[in-house]
Amino acid sequence: MSLDSSFLAQVRGSAEQLTQRLDRFSQARVLVVGDLTLDEFLTGQVERISREAPVLILRHENTRQLPGGGANAVYNLAKLAGQVKVAGLVGKDDQGRALCRIFEEVGIDITGILIDPSRPTVTKTRISGHARQSVTQQIVRVDRKSDELPDLDLQLQLAEYIRQQLDTVDAVVCSDYGDGVLTAAVIEAAVSHPRTIVDAQTELNRYAGATLFTPNLPEAEQAVGYAIKNSTTLVNAGRDLLNLTQAQQMLITRGEEGMSLFEKMKDGEIYQQDVPAFNRTDVFDVTGAGDTVVAALTLALCVGASGWEAAVLGNLAASIVVRQFGTATTTIDEMKEALRSLLSLDC
């Protein structure tokens, strides 16, 4: 891995401070408002072709259930030692109960998870198979979800819960995967907190006035309506996104190009800070990496980190989870080890 010498020098100068930030993650109190998803991974060995239809018959071996969507952001925050509350909806079904159980096992406060009996828990079931002595490959994915919005009464209950929690948390994270939880009433309640971080795939303007947004490159391009091809269009996009959302900061995550943090100064000028990607080679799966960035970034901001420090720690966390297949999390110890490895690089 090759990083700019001036950037490495900056990280080395901030190493003690960054480590102290990590040590204080457990002090941060965060409420996540999000579209909660359960990811199921069902695997089995191929026995034969069915006589009923030209399809494979799998002998079931195991089923794993993990938090996905906005639930992955919640889980990442907890695995990084944050004090986490969650506001969202699940169905009156086994998948909703499984998701709540997973949360409770890591100490997440699920008081704000409401039951919506008319809609299923959003669930993505990936069925994979393998022959003897062969790699496992995904065969099909089955999604459970509803395109209907939650009942107005549930929307208002969720908004009221959020308002009740605002004084008890250091930040609110909105994790919008387009599954219907983030309605106008819920968003209005969430963005009234002085530190609201938004991770939304579309319609960023709905969150106008939030503190910080974390779009990836395609999401940023969709929001501004043009391609981000070079440094000039990147700066223009940062400026246009800040104007669109009236945010204090905008973090555009750019994959192997790292991240760019934009902030509008008092004189109207746009201040840009770039954080290069720490891991460009050992990348196996970027699924859920954005949730990991949001989690580490949010915890860092809650314990006093600057925007640049928070972006560095978010980038560091993402560089770890992309080394694993599927939605993954990391820990403070792993982040400290990754930081030590980064500091050992030659300029």
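Valine 33 has cysteine 174 of strand S8 as its bridge partner. The strands involved are S1 (residues 29–34) and S8 (residues 171–176), which pair in the parallel sense over five bridges. Pairing requires at least two bridges found by DSSP. Strands (E, at least two residues) and helices (H or I, at least four) are DSSP runs, numbered from the N terminus.

This is a predicted model: local features need pLDDT of at least 70, side-chain atom pairs count only at pLDDT 80 or more, and totals for chains, interfaces and linings use all residues. Residues are numbered from 1 along each chain as its sequence is written, and side-chain values use heavy atoms, without hydrogens and water.

**The sheet**

Nine strands form an open sheet with mixed pairing, in the order S5-S4-S1-S8-S9-S10-S11-S12-S13. S5 (109–116) and S13 (270–275) stand at the edges; each has a single partner strand, so one side of each lacks a neighbour in the sheet.

**Helices on the sheet**

Angles run from 0 to 180 degrees between N-to-C directions, with axes fitted to C-alpha atoms, for helices over the stretch in contact. Contact means heavy atoms within 4.5 Å.

| Helix | Strands | Angle |
|---|---|---|
| H4 (residues 94–105) | lies across S4 (83–91) and S5 | about 175° to S5 |
| H8 (residues 231–245) | touches S10 (212–213), S11 (249–253), S12 (259–264) and S13 | about 50° with S12 |

**Threonine 123**

Threonine 123 lies in strand S6 (residues 122–130). Threonine 123 is buried, at 0% relative accessible area. Buried means under 20% (1.4 Å probe, protein chains only). Beyond neighbours within four places in sequence, threonine 123 contacts Leu38, Glu40, Gln95, Val142, Asp143 and Arg144. A polar atom of the threonine 123 side chain lies 2.9 Å from the backbone oxygen of threonine 121.

Terms used
Buried means under 20% relative accessible area, exposed over 50%, partly exposed in between (1.4 Å probe, protein chains only). A polar contact is a pair of N or O atoms within 3.5 Å; within protein, one must be able to donate a hydrogen and the other to accept it, and residues adjacent in sequence count only if both atoms are side-chain atoms.
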